[in-house]
Amino acid sequence: MSSRRSFLQLGFGSAALAALANTQALAAASTALFRNHLAQELTMAIKDEHQRDCPVLELRQYTLQPGTRERFIALFEREFIESQEELGMTVIGQFRDLDDPNRFVWLRGFADMASRGKALPAFYAAPAPAWKAHREEANSMIVDSDNVLLLHAATPQAQFALSRLARTAPGAAENARGLLAATIYYLDAPADAEFVDFFEHELVPALTASGIKPAAYFATETSANNFPRLPVRENEPVFVWFALYKDQGEYQQHTAALNDAPRWRESIAPALRHRLKTPPQTLCLTPTPRSLLHV
């Protein structure tokens with residue numbers, strides 16, 4: 001009886017230990033899987049944040065065939081966003097120009113000029129499936145795509161803050177909210193430290209006092225275009241600042257407040273005009289459904 005009891009106790013203990021070991025193994029495997037998944041998510045988050053660090057920017061204005069803008073937007077948002085971002089570029093935003101029904105404007109960002117020099121050939125020159133498959137349809141709607149300003153952030157803090165923004169999924173139909181105003185200052189020479197200081201310490205406080213908050217500001221990139229297949233407006237020094245508004249009414253309200261401010265009229269605006277080659281140009285842009293940049 002004693003040996004039988006010992007045998008039963010031993011059998012029960014072995015089964016329990018085996019079950020425990022199996023449970024521990026499963027728990028360890030689950031923990032390892034969770035940690036691996038967490039590490040992958042962290043890696044992707046770091047990669048995504050890095051890709052959205054965009055001190056180099058293209059401001060691209062396309063003239064389209066009359067009546068094709070909506071069709072072009074649908075094609076662009078379906079085929080040309082993720083396919084570019086997979087190669088390290090960031091499609092920051094795409095917009096309708098309120099003043100020109102045939103104008104499509106978009107912003108493309110890069111971590112630096114070296115990454116631009118690698119990413120653009122990978123998308124346009126290499127057999128990238130999206131561009132190769134849809135370029136004929138896209139080009140059939142484009143009259144001109146050479147109106148491109150290649151820019152760099154005026155200071156490290158002057159680029160768009162993109163890390164917390166989210167883009168809607170493919171197939172979204174409702175337009176993103178807001179209005180982006182891009183103000184272009186045409187200069188005699190590339191913006192130097194004095195001009196950037198003037199903008200930051202004179203213009204920005206006046207803009208802020210009128211309810212205008214610049215979202216980013218850029219100057220012409222002076223290095224050579226490292227993908228000549230896509231022309232840019234070289235030797236044309238500009239300074240561009242961007243601001244987001246809730247709608248066109250808010251834009252007009254804050255712009256009127258700025259123009260009515262005595263210090264702006266009497267001091268800052270004349271000092272600005274003295275630094276410019278031609279009057280400023282402002283693009284009033286409304287975001288398309290999948291624009292990353294929106295209100």
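**Pockets, salt bridges and burial**

Me: The second largest pocket holds about 240 Å³ of space. What makes this a pocket, and what does the volume stand for?
Reply: The model is predicted: local features need pLDDT of at least 70, side-chain atom pairs count only at pLDDT 80 or more, and totals for chains, interfaces and linings use all residues. Residues are numbered from 1 along each chain as its sequence is written, and side-chain values use heavy atoms, with hydrogens and water left out. A pocket is an open set of points on a 1 Å grid over the protein atoms alone, where a 1.4 Å probe fits, with protein on both sides within 12 Å along at least five of seven lines. Points are joined across faces, edges and corners, and the volume is the space filled by probe spheres set on them.

Me: Why do Tyr 62 and Trp 131 count as lining residues of the second largest pocket?
Reply: Lining residues have an atom within 4 Å of a pocket point. The second largest pocket has 18 of them, and Tyr 62, Tyr 124, Trp 131, Asn 139 and Leu 230 lie nearest its centre.

Me: Which element gives the most to the lining of the second largest pocket?
Reply: H5 does, with four residues. Helix H2 (69-79), helix H4 (113-125), helix H5 (129-141) and strand S4 (142-153) each supply at least two. Helices (H or I, at least four residues) and strands (E, at least two) are DSSP runs numbered from the N terminus. The chain has eight helices and eight strands.

Me: What makes a lining residue nonpolar, polar or charged?
Reply: Ala, Val, Leu, Ile, Met, Phe, Trp, Tyr, Cys and Pro count as nonpolar; Asp, Glu, Lys and Arg as charged; the others, Gly among them, as polar. By class, the second largest pocket is lined by twelve nonpolar, three polar and three charged residues.

Me: How much space lies in the largest pocket, and which residues are closest to its centre?
Reply: About 330 Å³. Thr 183, Tyr 185, Leu 258, Asn 259 and Trp 264 are closest to the centre, out of 18 lining residues. Strand S5 (179-186), strand S7 (238-245), helix H7 (248-260) and H8 each give two or more residues to that lining.

Me: Why is the pair Glu 82 and Arg 290 called a salt bridge?
Reply: The term needs a side-chain nitrogen of Lys or Arg within 4 Å of a carboxyl oxygen of Asp or Glu. Here N and O are 2.5 Å apart, so the pair qualifies. Glu 82 sits in helix H3 (residues 82-85) and Arg 290 in the segment after strand S8 (281-287), 208 residues apart.

Me: What makes Gly 178 a contact of Pro 287?
Reply: A contact means heavy atoms within 4.5 Å. Leaving out residues up to four places away in sequence, Pro 287 touches Gly 178 and others, including Phe 95, Leu 179 and His 294. Pro 287 lies in strand S8 and is buried at 4%. Its C-alpha is 6.8 Å from that of Leu 179, 108 residues away along the chain.

Me: Why is Asn 235 called exposed?
Reply: Asn 235 has a relative accessible area of 80%, so it counts as exposed. The residue is in the loop between strand S6 (214-220) and S7. Asn 235 is not a glycine, yet its phi is positive, about 60°. Across the 295 residues of the chain, 42% count as buried.

Terms used
Buried < 20%, exposed > 50% of the residue type's maximum accessible area, 1.4 Å probe, protein only.
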